[in-house]
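Here is a briefing on a single chain. Read it with the model open.

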Amino acid sequence: VSNMKNCNIKMIKINQNYINSIFKILTFFTLGFYIYNSFIQAKYEILFIDERLLIDDIYNFWLIDDTFNRFAKSEDSFLKSILIIGTELAYGGDLRYGRLWSNFFTLTIGYFSLINDSFLIIASRLLNTLIYFYANFLIVKYMVDKKYFWICLFSIYSLPGVELLHRITKPETISLLFLAFAFLFTVKEKLYKAIFC
């Protein structure tokens, strides 16, 4: 009887490892699919409005563009540039999603705006995809038993709205990342940091 139990336990472990391997491959295949899609139709003229808001905010900062002519009367070009950069970081651009999301992208990938539109759009989509994957990775890691990790991580990609969050750079990915950090700090019993996130 004990031999049969040992044999069944081994079979279950083999099946779990096999299933986890399949879902691990499927997860990375899905991630690869979204990375590939980041390169498709990367033209400014055909961007969805939410994605265009982010790209415009990045351009306003990196190209030092005084869109609203706030400092048109300033004669000192260096001072004018400093004021434009400061106001863009503080309250510039479109404020409907706040500045945290826009400033994060502006400071991490904004330098691609100096190359061309396509590089910037692709970089913003890639960063968005990687943030979304990492946030989900953390949430599943700290909320699900290890043996179900890859099944759960892959299952997240079947939730409604995932397609939109991957194809269009939106602030929800940053929100999800902060939620993931909150779970991380809760598990580590650093509750003030969890509340902050």
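**Briefing**

L107 touches F61 and L89, residues up to four places away in sequence not being counted; contact means heavy atoms within 4.5 Å. L107 sits in helix α4.

The model is predicted: local features need pLDDT of at least 70, side-chain atom pairs count only at pLDDT 80 or more, and totals for chains, interfaces and linings use all residues. Residues are numbered from 1 along each chain as its sequence is written, and side-chain values use heavy atoms, with hydrogens and water left out.

**Overall build**

- The chain has 9 helices and 0 strands. Both kinds of element are DSSP runs, numbered from the N terminus: helices are H or I with at least four residues, strands E with at least two.
- In order from the N terminus, the elements read α-α-α-α-α-α-α-α-α.
- The radius of gyration of the chain is 22 Å, whereas a compact globule of 197 residues would have one near 16 Å. The radius is taken over C-alpha atoms, and the globule rule is 2.2 Å times the number of residues to the power 0.38.
- Along the principal axes, the C-alpha atoms fill a box of roughly 90 × 40 × 25 Å.
- Of the contacts in the chain with a separation of 6 or more, 67% join residues 24 or more positions apart.

**Surface and burial**

- The chain exposes about 12,200 Å², and carbon and sulfur atoms supply 67% of that area. Areas come from the Shrake-Rupley method with a 1.4 Å probe; for residues, only the protein chains shown count as cover.
- Buried residues make up 37% of the 197 in the chain. Buried means under 20% relative accessible area, exposed over 50%, and partly exposed in between (1.4 Å probe, protein chains only).

**Largest pocket**

- The largest pocket holds about 210 Å³ of space. On a 1 Å grid over the protein atoms alone, a pocket is an open set of points with protein on both sides within 12 Å along at least five of seven lines; a cavity is a set of points where a 1.4 Å probe fits but cannot get out; lining residues have an atom within 4 Å of a point. Grid points are joined across faces, edges and corners, and a volume is the space filled by probe spheres set on the points.
- The pocket has 13 lining residues, and N37, I40, Q41, R125 and R167 are the closest to its centre.
- α1 (2–37) and α7 (162–167) each supply at least two residues of this lining.
- By class, the pocket lining has 6 nonpolar, 4 polar and 3 charged residues. Ala, Val, Leu, Ile, Met, Phe, Trp, Tyr, Cys and Pro count as nonpolar, Asp, Glu, Lys and Arg as charged, and the others, Gly among them, as polar.
- Q41 lies in the loop between α1 and α2. Its phi is near 50 degrees, a positive value in a residue other than glycine. Q41 counts as exposed because its relative accessible area is 56%.

**Buried glutamate**

- E51 belongs to helix α2. It counts as buried because its relative accessibility is 2%.
- Beyond its neighbours within four places in sequence, E51 is in contact with I121, S124, R125, R167, I168 and T169.
- E51 and R125 are 74 residues apart along the chain, and their C-alpha atoms are separated by 9.1 Å.

**Cavity**

- There is 1 cavity of 30 Å³ or more. The largest cavity holds about 30 Å³ of space.
- L53, D57, D94, R96, Y97, G98, W101 and S102 line the largest cavity. α2 (49–62) and α4 (99–109) are the elements that give two or more residues to this lining.
- The cavity lining divides into 3 nonpolar, 2 polar and 3 charged residues.
- D94 is placed in the loop between α3 (77–91) and α4. It counts as partly exposed because its relative accessible area is 24%.
- Apart from its neighbours within four places in sequence, D94 is in contact with L53, D57 and R99. D94 and L53 are 41 residues apart in sequence and 6.6 Å apart in space, C-alpha to C-alpha.

- E189 is found in the loop between α8 (172–187) and α9 (191–196). Phi of E189 is near 60 degrees, a positive value in a residue other than glycine.
- E189 counts as exposed because its relative accessibility is 68%.
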